[in-house]
Amino acid sequence: MADSSFDIVSKVERQEVDNALNQTAKEISQRYDFKGVGASISWSGEKILMEANSEDRVKAVLDVFQSKLIKRGISLKALDAGEPQLSGKEYKIFASIEEGISQDNAKKVAKIIRDEGPKGVKAQVQGDELRVSSKSRDDLQTIIALLKGKDFDFALQFVNYR
């Protein structure tokens with residue numbers, strides 16, 4: 001029988017992020033505490049730009065955006081938000097969405113699979129994802145449970161389980 005396998009990836013649906021951003025922009029335009037503070041959120045190339053006229057308000061915009069991301073099922077580990085920066089009279093926060101598993105992080109995950117996982121499970125790095133294969137599907141499910149129990153500083157999804 002052929003090996004069973006699955007891929008470990010770190011991907012974010014761009015459309016879901018866009019939906020969360022639009023919901024945040026709508027809430028900012030409607031909420032009383034954001035009236036007259038010049039609060040806004042928008043795409044700036046590949047980054048997300050949040051602006052307001054005080055540091056507290058721009059942090060509140062970030063907080064609203066984070067809550068919208070959570071509601072849309074996007075892990076906050078994928079959001080890399082910077083510190084508020086004063087630019088003229090406006091405070092700005094630039095945030096980016098992290099995608100893909102770096103080589104170092106892929107090696108860490110592969111080492112955990114080798115050290116703590118069942119014997120006969122192989123992990124190979126393929127670009128920005130990790131392919132895990134084994135003869136036993138039960139072993140693969142054990143690996144998924146093991147990795148879900150660990151706390152990584154990046155988001156993990158398990159796809160192509162066959």
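Leaving aside its neighbours within four places in sequence, which residues is Ser133 in contact with? The legends below get to that, after a word on the model. This is a predicted model, where local features need pLDDT of at least 70, side-chain atom pairs count only at pLDDT 80 or more, and totals for chains, interfaces and linings use all residues. Residues are numbered from 1 along each chain as its sequence is written, and side-chain values use heavy atoms, with hydrogens and water left out.

**View 1**
Ser133 sits in strand 8, residues 129-134 (strands are DSSP runs of E with at least two residues, helices are runs of H or I with at least four, and both are numbered from the N terminus). Its relative accessible area is 8%, so Ser133 counts as buried (buried means under 20% relative accessible area, exposed over 50% and partly exposed in between, with a 1.4 Å probe and protein chains only). Here is the list you were asked for: Ser133 is in contact with Asp3, Ser4, Ser5, Gly120, Val121, Lys122 and Leu140, leaving aside neighbours within four places in sequence (contact means heavy atoms within 4.5 Å).

**View 2. The whole chain.**
Zoom out for a moment, and you can count four helices and nine strands in the protein chain. Starting at the N terminus, the elements go β-α-β-β-α-β-β-β-α-β-β-α-β. The radius of gyration of the protein chain is 20 Å, well over the 15 Å that the globule rule gives for 162 residues, so the chain is more spread out than a compact globule (the radius is taken over C-alpha atoms, and the rule is 2.2 Å times the number of residues to the power 0.38). Along the principal axes, the C-alpha atoms fill a box of roughly 65 × 25 × 25 Å. Buried residues make up 37% of the 162 residues.

**View 3. The largest nonpolar core.**
This core has 24 residues, and those with the most contacts inside it are Phe34, Ile41, Ile48, Met50 and Phe65 (a nonpolar core is a set of buried Ala, Val, Leu, Ile, Met, Phe, Trp, Tyr and Cys residues joined through side-chain atoms within 4.5 Å). Two or more residues each come from helix 1 (14-30), strand 3 (47-52), helix 2 (55-71) and strand 6 (90-97). Helix 2 gives the largest share, seven residues. Look at Ile48: not counting residues up to four places away in sequence, its partners include Val17, Leu21, Phe65 and Ile97. Apart from this core lies another one, of 18 residues, among them Ile112, Ile113, Leu140 and Ile143.

**View 4. Glu90 in strand 6.**
Glu90 is part of strand 6 and, at 25% relative accessibility, counts as partly exposed. Ignoring residues up to four places away in sequence, Glu90 touches Gly38, Glu51, Ala52, Asn53 and Gln85.

**View 5. Leu76 in a loop.**
Buried, exposed or partly exposed: which is Leu76? With a relative accessible area of 34%, Leu76 is partly exposed. You'll find Leu76 in the loop between helix 2 and strand 4 (79-81). Its contacts, not counting residues up to four places away in sequence, are Gln66, Leu69 and Ile70. Leu76 and Phe154 are 78 residues apart along the chain, with 8.8 Å between their C-alpha atoms.
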